[in-house]
Amino acid sequence: MKTGEFHLDRCTIAHKLLDFGQLLSQRMFANAMFDPDTVAAIDIHTHAEEPCGTHADDGYAEFQAGMQKYFRTGRDWPPAIPETAAYFRERNIGAVIFAVDCERETGFRRYDNEAIAEEAAEHSDILIPFASIDPAKGKAGAREARRLVEHFGMRGFKFHPTMQGFYPNDRSAYVLYEAIAEAGVPALFHTGQTGVGSGMPGGMGMRLKYSNPMYLDDVAVDFPEMTIVLAHPSFPWQEEALSVANHKPNVYIDLSGWSPKYFPPILVRYANSLLRHKVLFGSDWPAITPDRWLADFETLNIKDEVKPLILKENARKVLGI
Ligand SMILES: [Zn+2]
């Protein structure tokens, strides 16, 4: 075979693969589309965990048992994507759903982004998939990010600095942020303490320091076009989070992972005033159910005109829908 012919063959194969990707995205978008006008609320923070104990061989089962205990969910194992979709559809609440690629730091194999995209696409009337890529994957991760947005309909990215073992302002993560900023989708970062590794020897190696929201201030400076969501009331750095969100136009805060009953007063004060356009409803499903979160939210002193902003309108802005 002449070199030219081989080259031609390789190109043909590459084009066929590209066609397949396009076919897949067409098929995915053929399902009912999410309609932000008709949902009652948008939950910006829900988790997809791999179902059926497929990780039982690498310590994942013990880890999950610890998580269920910490959050007192009354479950043995987190729900699979179809169960999550059914729960949210029943309540007419749209849900951003993601896993966390933490295989380098924890040894738990990641939930493939493509698999999540395909499963979420089966429920595209209610689920909005985010991808997760460990920044340590460098340029390969950046290439994956572009592909996931372009061909798999991923609408944002989730980071967990403690589970992924990195400082968010570490320059090695910037090649991935560049891809995300170019794609024009938001990046959501876990901030504050975490249930992950809680009560386990050495906290399962999880270092809380990485999740100080002040590191995201650097990222907001260097990527002013990238929308950044600081997830959770950021205990013990709540004021840092409020300060960054107040100062940087591209930084938002989600209220997931805590019952609103336990929100610090300063968070409620900012949500009601200065940050009313930047604070988002999130549950952290399945750790906390939207039923519980919303019931406790009702007892908070949030102004009536601010509630629709927190429950849906601010999420529409972050997601660009
Ligand atoms: Zn979470």
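Predicted model: local features only at pLDDT ≥ 70, side-chain atom pairs only at ≥ 80, totals over all residues.

Modeller: Residues are numbered from 1 along each chain as its sequence is written.

Biologist: What pLDDT does the protein chain average, and how many of the residues score at least 70?

Modeller: On a scale that runs from 0 to 100 and gives the predictor's confidence in each residue, the protein chain averages 89, and 86% of the residues score at least 70. Over residues 1-11, however, the pLDDT is below 50, and beyond near neighbours in sequence this stretch has 1 contact in the model, a contact being two residues whose C-beta atoms, placed from the backbone, lie within 7 Å.

Biologist: Why are α6 and α8 called roughly parallel to each other?

Modeller: Helices are DSSP runs of H or I with at least four residues, and strands are runs of E with at least two, numbered from the N terminus. Axes are lines fitted to C-alpha atoms, for helices over the stretch in contact, and angles between N-to-C directions run from 0 to 180 degrees. Angles under 35 degrees count as roughly parallel, over 145 as roughly antiparallel, 65 to 115 as roughly perpendicular and the rest as oblique. The angle between α6 (138-152) and α8 (residues 174-183) is about 20 degrees, with their axes 8 Å apart, and α6 and α8 are therefore roughly parallel. The contact includes A142, A145 and V149 of α6 and L176, A179 and I180 of α8; by class it has 8 nonpolar, 2 polar and 3 charged residues, where Ala, Val, Leu, Ile, Met, Phe, Trp, Tyr, Cys and Pro count as nonpolar, Asp, Glu, Lys and Arg as charged, and the others, Gly among them, as polar.

Biologist: What makes α10 and α11 roughly parallel to each other, and is their crossing left-handed or right-handed?

Modeller: Helix α10 (residues 238-247) and helix α11 (residues 265-272) pack at about 15 degrees, with their axes 10 Å apart, and they are therefore roughly parallel. Their crossing is left-handed, a term for a near helix turned anticlockwise from the far one by less than a right angle, with clockwise being right-handed. Q238, E239 and L242 of α10 meet I266, L267 and Y270 of α11.

Biologist: Why does N92 count as exposed, and why is M204 partly exposed?

Modeller: A residue is buried if 20 or more other C-beta atoms, placed from the backbone, lie within 10 Å of its own, exposed if 12 or fewer, and partly exposed in between. N92 has 11 such neighbours and so counts as exposed, whereas M204 has 17 and is therefore partly exposed. N92 lies in the loop between α3 and β2, and its phi is near 55 degrees, a positive value in a residue other than glycine. M204 also has a positive phi, of about 60 degrees, although it is not a glycine.

Biologist: Which residues of helix α5 are buried?

Modeller: In α5 (residues 113-121), N113, I116, A117, E119 and A120 are buried, and what covers them includes α3, β2, β3 and α6.

Biologist: Which residues does a cis peptide bond join to P236 and to P286?

Modeller: F235 is joined to P236 with omega about 0 degrees, and W285 is joined to P286, also with omega about 0 degrees.
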